[in-house]
Amino acid sequence: MLLPIARLSRGSLLRSHTRLSILRPSHYPSIICSLRRSMASTVWTPNRYPSARRSDHIDTYHSEAKGEVKIHDPYNWLEKDAEEKDAWVAAQEAFTRGFLDANLDRTRLEEEIRTSTDYEKFGPPVLRDDGRWYWSYNSGLQAQSVYYRSRDGTLPNSVYGSGGEVFFDPNVLSKDGSVSLSTAAYSRDGKWFAYALSRSGSDFTNVYVRSTEHPLTDANNDLRLADELRFVKFSSIAWTHDNQGFFYQRFPDRTSHGPADSDNAGTETDGDRDAELFYHRVGTKQSRDISVIKNPEQPQWLWGAGISEVDGRWLELSVSRDTSRKNLLWLADLEKDTIGPNLSWIKLVDGFDAEYSIIGNDGYTFYLHTNVDAPQYKVITVDVEAFIKASKAGSAHIKDFSKDLIPEDKDAHLEDASILGQDRLVLVYKRNVKDELYIHDLKTGQQLKRLASDHVGSLAAYGRRKQPFFFVWLTGFDTPGVAARYDFTKPSGGKADGKWSVWRETKVSGLAGEGGFLSEQVWYKSKDGTKVPMFVVRHKDTPLDGTAPAIQYGYGGFSISIGPFFSPSILTAMRTYGFVLAVPNIRGGGEFGEEWHLAGTRERKVNCFDDFIAASEWLVENNYAAKGKIAINGGSNGGLLVAASVNRGPEGLFGAAIAEVGVHDLLKFADFTIGRAWTSDYGNPHDPHDFDFIYPISPVHNVPANKTLPPMLLLTADHDDRVVPLHSFKLAATLQHVAASNPHPLLLRLELKAGHGAGKSTELKIKEAADKWSFAAQTIGLKWKENVTGKTRM
């Protein structure tokens, strides 16, 4: 998923800070004065943006329809690490900060969001093989969640508080909360803990190993091993069952990263190429790690490794070349082969035709979650022993050795499948964007029971196959989080008997915790007549008379489903300003399987924008929101969605547009970091056929010159090495040039020491949310709703 900078070095960051502190607010005195006169709205004075040089740079592309095409790229210098760019970014930061901070209600909103965020957060517990329970916990405003464990084999009850002892506290690793735990895995015997740390939100991580006998509670007394694995990115950690080591993916060395404790990783734009799968033995240097597989002829391929859960016999390798729902699937028999570059691969799937994910095995019988001939997904069994025999005799295809265990349900998307409780399949279906949880018999596929049938929202199951229980995490627009436990018992009369109990419920404070929120699902028609579902959430006191403002959030890409979610900052904004929340499940997502996803890709990408625009029009036509009072919002691919919708949508429909870490230069996205992987959704701009449908929708290249644009806030971060900041830089510069006289502000916000979103500290999230929703309120002209007080609730 795109969560998804032209490099800012440590020196240039310091230069940016210096310039920002000495810049005089000469660009925005009229802004401050007008805000002091009226808190309800901001009188904007156009043509006052910081200047940006326009170069004569020309890029040459090839069009299937027009042949050679030359495209003027006047802001290509914003792609490079240079003092000119640093000065422009610093000026933009100061200009935007002056506008946002002049809103006297902004600080008030930040404090309300902080209050609503200050509640205990936790994750479902997991029983590890050292006989202890482990779970995440945040007391409320801690920068990063802390990992706790039980003191013995007893799971603490549902009383509030941490309930155990600290096992791993990432907050001790940095003063500002910028070091986060990216991924982690325990060895089979529970003795070792391997974990990946990210700095400032970068996708690059460093992997370390520690004994579970030595918790991390004090950085000055860190008893981790000397093992340090660099340049790890998009990697799992897969322990072999002998507890000696694990598989991981890394990229070639980059001298630009500097030492492991520096903050340089994440500030470059170089393409991610030549990934390699390694095996690391505990207690050895990375230079001695064993290379397992690489493919110089396919530098874009990525390697996802796993170990068969029950027997530990099989190395499972999923190979991807892009973000499409297609992968290769290979196996290696670790009982017969020595770990190294000469493994005898059993290539179950050796073509990029569909998605195959292993969910477990019993000997040679493997269970796979797949979309092969099933766009809504299904579960199949594969006889690997028969496949091996056939492949030795000649060619073999997985379809000839597989059977449907859980056939495709044409009316529901099978989003997740797990083998739990020894012989049970636990399935999560998404039916009309609402999750359903079922238990099936592993051998027959028979459906035995549905759990949590009264819950309307999102569900996720957590557990291990050998344990006679699992946990379920339930969330929704008004449900911050419930951890429930299901204990299996012997089947009786064809039914799955068992005990359901709530382990712990989240208790929320502040305006987000006072209740009174109502949610419903509506359906509307898009431009081409396609029916699209949308969740609408409002407070019971918000009238449906066509006067309310709205926050409309969308994504629409990469088969990512947007189900009901809990956001204390959005709920707070709903209470303070009377916003309605609208979440349309537009094409491009995975809500209705692969066909829904493909309907929003490549030539069909415009469907995403049309679906999103039609959602706003429906809100206005049906009196849920007022025209010109809808603040559209999205991040990553959703940032592209927002910017493209502004370019494409009717004038005056949107009241504000807030695009976060968006992909805005669709002619160059494939040239930076992991961008080439997104060509499966967007198309390849360097392909003449694809160029013809990409160029007309690229936000940077299609800013309208004769159209009033809504207030826009583009957010990015200096360590975003997923969607690099130059996308937002170039769109901001283009907007401020083409629409310099626009009657509404077109602003850029840069977060320092942050990445694409993952690992961002609680405090940074709070400040960012306050900036976003106060920007929407001050530009739309909303007044603070008085007599609104937050209360604590369950």
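Colleague: With which side chain does the side chain of aspartate 59 make a polar contact?
Modeller: In this predicted model, aspartate 59 is part of strand β1, residues 58–63. The side chain of aspartate 59 has a polar contact at 2.8 Å, and the partner is the side chain of histidine 57.

Colleague: Is aspartate 59 buried or exposed?
Modeller: Aspartate 59 touches Val69, Lys70, Ile71, Asp73 and Lys668, leaving aside residues up to four places away in sequence. Its relative accessible area is 15%. Buried means under 20%, so aspartate 59 counts as buried.

Colleague: How many helices and strands are there in the chain?
Modeller: The chain has 794 residues, and 61% of them count as buried. Its secondary structure comes to 13 helices and 39 strands.

Colleague: What radius of gyration does the chain have, against that of a compact globule?
Modeller: The C-alpha atoms fill a box of roughly 75 × 60 × 60 Å along the principal axes. For 794 residues, a compact globule would have a radius of gyration near 28 Å. The value for the chain agrees with this, at 26 Å.

Colleague: What share of the accessible surface belongs to carbon and sulfur atoms?
Modeller: The accessible surface of the chain is about 30200 Å² in total. The part that belongs to carbon and sulfur atoms is 47%.

Colleague: Which elements do the buried residues of α12 pack against?
Modeller: Helix α12 covers residues 726–738 and reaches 18 Å between its first and last C-alpha, close to the 18 Å expected. It is mostly covered, with 11 of its 13 residues buried; among them are Leu726, Phe729 and Leu735. These buried residues pack against α3 (83–101), α9 (637–648), β38 (712–717) and β39 (746–751).

Colleague: How many of the residues of α3 are buried?
Modeller: Helix α3 has 19 residues and should span 27 Å at 1.5 Å a residue; its end C-alpha atoms are 26 Å apart, which agrees. The helix is largely enclosed by the rest of the structure, because the buried residues number 14 of the 19.

Colleague: Which residue follows α13?
Modeller: Helix α13 runs over residues 762–780 and reaches 27 Å, close to the 27 Å expected. Of its 19 residues, 15 are buried, so the rest of the structure largely encloses this helix. After α13 comes a residue with a positive phi, near 95°: glycine 781.

Colleague: Which side chain is in polar contact with the side chain of asparagine 637?
Modeller: Asparagine 637 belongs to helix α9 and is buried, with a relative accessible area of 1%. Its side chain reaches the backbone oxygen of glycine 556 at 3.2 Å. At 3.1 Å, it also makes a polar contact with the side chain of lysine 605.

Colleague: What separates the C-alpha atoms of asparagine 637 and glycine 557?
Modeller: Along the chain, asparagine 637 and glycine 557 are 80 residues apart.

Colleague: Which backbone nitrogen does the side chain of serine 698 reach?
Modeller: Serine 698 sits in the loop between α11 (688–694) and β38. Its relative accessible area is 0%, and therefore it is buried. Serine 698 touches His664, Asp665, Leu666 and Leu667, not counting residues up to four places away in sequence. The backbone nitrogen that its side chain reaches, at 3.0 Å, is that of leucine 666.

Methods: Residues numbered from 1 in each chain as written. Predicted model: local features only at pLDDT ≥ 70, side-chain atom pairs only at ≥ 80, totals over all residues. Heavy atoms only, no water. Helix = DSSP H or I, 4+ residues; strand = E, 2+ residues; numbered from the N terminus. Expected span 1.5 Å × (residues − 1). Buried < 20%, exposed > 50% of the residue type's maximum accessible area, 1.4 Å probe, protein only. Contact = heavy atoms within 4.5 Å. Polar contact = N/O pair within 3.5 Å; in protein donor to acceptor, adjacent residues only side chain to side chain. Rg over C-alpha atoms; globule rule 2.2 N^0.38 Å. Areas by Shrake-Rupley, 256 points an atom, 1.4 Å probe, with all protein chains shown as cover.
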